[in-house]
Amino acid sequence: MSPSPLSAADVDLDDTDGLLAADRQGLLRAASMAGAQVRATAAALDEGDLDAVRSDAPPRTIVWVAGHGNAETAGSMLAALLGGSIGTPIVVVAEAPPWIGTLDVVILAGDDAGDAVLVSAAATAVRRGARVIVVAPQEGPLRDATAGRSVALPPRMPVPDHFTFARYLAAGLAVLQAVAPGYSVDLTALADALDAEALRNSAARELFTNPAKGLADRMQNRDVVVAGDSAATVALARHASVVMLRVAQRTVAAAELADALVALGSGWGRGGDTGAASIFHDEEIDGPLPQRTRTIVLTSDAERSAVAARLQGFDDTQIVTANDVPDVAATGGDGEPGSATTPGSTRPEQQLALLALRLEMAAVYQRLVRG
C-alpha cells in the first residue's frame, strides 16, 4: 500500500525533513531569493543601466505607475517612507496623470509587458518628454512604446509573483539614488541583510530561533489581524494579508493600528479565551468554541516603545520589528523566547524589507504544515 500524503498532523514546524518533503513547489527557495533579486538590481545600477536618467537637478515629481500587486505595494511603501525626505514628492497612481511633463520621472512597474494601462502610460510619458524607467519585462507592447526613449530594469531571474516585492522595492531605491540628488542607498548591504534573514528563517532552524516559524506558530488556529502604525507599515500589513491568501491560502485581515485598537477595546477577541473552563465544553450542547484571535502589530525599531505603550492592557497582541530575532537563551517572564537585536538593520526601508521577507516565509510555513 502506498503511503498516505502528508497532512497537517504529519508536519511539525520543527520537522525539517517533513517541511522539505511538503515543499513540492519550492516555495521556501523562491521566498529566500529576495536577497538575490536585490543583488541583481544592485548589479544593474553598477553597470550603468540608470545613467541615462541621472541629472543634477531634482525632478518635479516621481510618478510610480502600478495598478496592483507587489509593484503597487512597493511604490506605496516608498512614497510613505521617503516622499517627504528626498525633496521630491512620490506619487503612486494606477494610470498616467494628465499633467506629466519633461520635469517628471515616471516609473512603470508591473509584471505584464502587455498591460494596456502600463503601455498607455509609457506612451504618454515618452510623448511628453518625461524620464521613463520600466521596472517590468522589456518586451512586447511595452518595449514598442518605449524603445530607445526609456531605461529598463527588467527581472533578471525567474521568481513566482508572490515573492517579487523585494525586486520592486530595490528597483525603486535604485531609481531614487539615480534621480534624487543627495539620496544614497547600499543595495548590496540590503541584499546581504535579506540573505541573513532568509538563513535565520530556514527550515533547519528550530522554532524558538526562527522568526518566521515563530510568526507562523502564533498565527495557527487563530483569527489574525496584521496592523500597521504608519502608512508604510499599513502597506506592509496589506502585503502580509495578500501573501497569506496567495501562499498560505488563509485569510488574514490588514488594518491600521488605530482601527485594531478600537476593535480590541470593544471586546473583539475576548470570546476566544476559554481558559480552564474549556475542559467542560460540550460542542453538542454548547456549540463550537469561538476561534482564538491574535493581533500582530508591525512597526519600526524607533516606534516600538510608543506602540508598546498603546497596546498596554490588551491581550493576544504581538509587536513585530525587523530586529526582533528570537534567542533561545533569552526568555521573558512568561517563558516565551526573548529577542536579540541584529546589527545593521537601522534604515527604515531595510527594516521593512526584512519584515516583508519574514512574513512571506511565515506564509510558506503555514502552507507547509498543512501538507
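The whole structure holds 12 salt bridges, a salt bridge being a side-chain nitrogen of Lys or Arg within 4 Å of a carboxyl oxygen of Asp or Glu. This is a predicted model, in which local features need pLDDT of at least 70 and side-chain atom pairs count only at pLDDT 80 or more, while totals for chains, interfaces and linings use all residues. Residues are numbered from 1 along each chain as its sequence is written, and side-chain values use heavy atoms, with hydrogens and water left out. Helices (H or I, at least four residues) and strands (E, at least two) are DSSP runs, numbered from the N terminus.

**Salt bridges**

- Arg39 pairs with Asp192, with the closest N and O atoms 2.6 Å apart. Because Arg39 sits in helix α3 (residues 34-46) and Asp192 in helix α8 (residues 187-200), the pair ties together parts 153 residues apart in sequence.
- Arg39, Asp192 and Asp195 are linked in a network of salt bridges.
- Arg156 forms a salt bridge with Asp49, the closest N and O atoms lying 3.4 Å apart. Arg156 is in the loop between β5 (151-152) and α7 (165-179), and Asp49 is in the loop between α3 and β1 (62-65), 107 residues apart.
- Arg54 and Asp51 meet through their side chains at 3.1 Å, N to O.

- Asn221, not a glycine, has a positive phi of about 60°. Asn221 lies in the loop between α9 (211-219) and β6 (222-228).
- Gln249, also other than glycine, has a positive phi near 60°. The loop between α10 (231-248) and β7 (253-256) contains Gln249.
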